[in-house]
Amino acid sequence: ELQDGGEWVSESRDGDELDLICRRETWEAVQAVDRPLVIRKAGPGDAADAFSVQMDAARWLASRGLRQWDAYLADTGKFERLNANWIEAGEMWVAELAGEIAGVFRLAAADAWTNESWSDTSAGERYVSRLAVRRAFAGRSLGLRMLRRAELLALAAGATAVRLDCVADHPVLRDYYERASYAPCGEVDAHGSRLARFERRFIP
């Protein structure tokens, strides 16, 4: 059973800003929006499209003055190879709308990357990263829906918690994760940025 107060977050665009609306609604109601949405494990044939979503996110973050994904712009080839490796390892997932990849996320156990920002990793956690929505599909709650799917996948794998992070100086993102029932777990300097960490634990 997932720990949940019944609150969900809906994203919509107001200019270039995210308007975060906290409301009570069921998982079925969230699914009812854009019902053709398919969230599936990425395959080798998805590599280019999945990476283009990440690059879209990196450029958008940079345009907002946020540095979390600057490494994508500094060394695109490196992250393109990492993307292919993550797909090969079965860790990348894509959200598909009408046959087009609209969003991506990575769900994985602790590794060298997460160990830099989390010092207390164990086999019980799963880590969400690369959570991104193509800007053309913003405002459809895709980020939340991918996050909820990641939680279900983690739970099915026997995990006790899902963890993630974001740049610490972005109050909108921090509020987004807290409204999605993620508890703040402090800040840390890692990967060239000051990161805010979040965790959602499952009820035993």
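**The sheet and its aromatic rings**

Modeller: In this predicted model, an open sheet is formed by 7 strands, in the order 3-4-5-6-7-9-8, and their pairing is mixed. The edges are taken by strand 3 (38-41) and strand 8 (183-190); each has a single partner strand, so one side of each is left without a neighbour in the sheet. From one strand to the next, the twist averages 30°.

Within the sheet, strand 4 (residues 92-97) and strand 5 (residues 100-108) run antiparallel and are joined by 6 bridges. E96, for instance, has I101 in strand 5 as its bridge partner. Helix 2 (residues 47-63) packs on the sheet, where it touches strand 4, strand 5 and strand 6 (125-133); the direction of helix 2 makes about 85° with that of strand 5. Helix 6 (residues 142-156) also packs on the sheet, and the strands it touches include strand 3, strand 7 (161-167) and strand 9 (193-201). The direction of helix 6 makes about 160° with that of strand 6.

As for the aromatic rings, the model has 9 aromatic pairs. One of them involves W93 and F105: the ring centres are 6.3 Å apart and the planes stand at 5°, so the pair is stacked. This pair links distant parts of the chain, with W93 in strand 4 and F105 in strand 5, 12 residues apart. W93 counts as buried because its relative accessibility is 14%, and F105 counts as buried at 0%.

Methods. Residues numbered from 1 in each chain as written. Predicted model: local features only at pLDDT ≥ 70, side-chain atom pairs only at ≥ 80, totals over all residues. Heavy atoms only, no water. Pairing = 2+ DSSP bridges. Helix = DSSP H or I, 4+ residues; strand = E, 2+ residues; numbered from the N terminus. Axes fitted to C-alpha atoms, helices over the stretch in contact; angles between N-to-C directions. Contact = heavy atoms within 4.5 Å. Phe/Tyr/Trp six-rings, centres within 6.5 Å; stacked < 30°, edge-to-face > 60°. Buried < 20%, exposed > 50% of the residue type's maximum accessible area, 1.4 Å probe, protein only.
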